[in-house]
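Trainee: Could we take a close look at one single part of this model together? I would like to follow one residue and then its surroundings.

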Amino acid sequence: MIPVQALKEEHLCIEFLSHQQQRISAPNLKITASMMMKKYAQVIPAQVLDSMLWEEKAKIIPLSSSAISNELDIEVDTLQIEYTDSRLEAWEALFARHIVPIMRAFHKVTNLPLFILWENVAVRINSYFRKAVERFPEYELRVNRLAEELLQLDGRYFNNTEHPMSKFLTAPGCLSEQKTRRTCCYFHKLEKKKESLTHCLVCPLNNWNEK
């Protein structure tokens, strides 16, 4: 397992992405970084959102607690997890202190635009909310309230001047809908794909799913 925090070191980040580039048959490190962000955003935010929806206190998962294998298995040292009564503290810990350092590391070594990385995270969160509403329709109001809370955060919770995901998130009240991406994640450029798809399900490229 590789400590995720180590990816802030440029040479280690390049080494990790280079290995993954070969593993997933990506044409370059930029596309590799996009796929890695999608994978990471599928795991860590969901754990925090679960705690906000179903537990009495919200989880804080320090960046130092996370590790990732060369096969992309993601593990969290549960002994380092903290709990807080402050949802705002949990949001800041998730984004400003955990997700943002990884994004900046990937951006620094690949020049992949940050807005693509942010939409990669938003897509995973949209999927989380959509599935939560589908699985627990009796708690739809609770899920919508959490989605609204996320949407109303200001930039400081993302170590930013503004909310970097606001235009990518599905609007509360419409969480069961599948929102089409605004940017392309480059999934279609992979030479080998595990899914039986040529493009991701929310690809913005015109009419690909009709061909």
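Which residues does S51 touch, not counting residues up to four places away in sequence?

Mentor: Happy to! A word on the basis: this is a predicted model, where local features need pLDDT of at least 70, side-chain atom pairs count only at pLDDT 80 or more, and totals for chains, interfaces and linings use all residues. Residues are numbered from 1 along each chain as its sequence is written, and side-chain values use heavy atoms, with hydrogens and water left out.

Leaving aside residues up to four places away in sequence, S51 touches K57, A58 and K59, contact meaning heavy atoms within 4.5 Å. The S51 side chain also reaches the backbone oxygen of V48 at 2.6 Å; a polar contact is a pair of N or O atoms within 3.5 Å, where within protein one must be able to donate a hydrogen and the other to accept it, and residues adjacent in sequence count only if both atoms are side-chain atoms. S51 counts as buried because its relative accessibility is 0% (buried is under 20% relative accessible area, with a 1.4 Å probe and protein chains only).

Now the surroundings. S51 belongs to helix α2, which spans residues 29–54 and lies across β3 and β4, at about 25° to β4. Helices (H or I, at least four residues) and strands (E, at least two) are DSSP runs, numbered from the N terminus. Angles run from 0 to 180 degrees between N-to-C directions, with axes fitted to C-alpha atoms, for helices over the stretch in contact.

Strand β3 (residues 66–68) pairs with β4 in the antiparallel sense over three bridges; pairing takes at least two bridges found by DSSP. Within that pair, A67 stands opposite E75 of β4.

Terms used: Buried means under 20% relative accessible area, exposed over 50%, partly exposed in between (1.4 Å probe, protein chains only).
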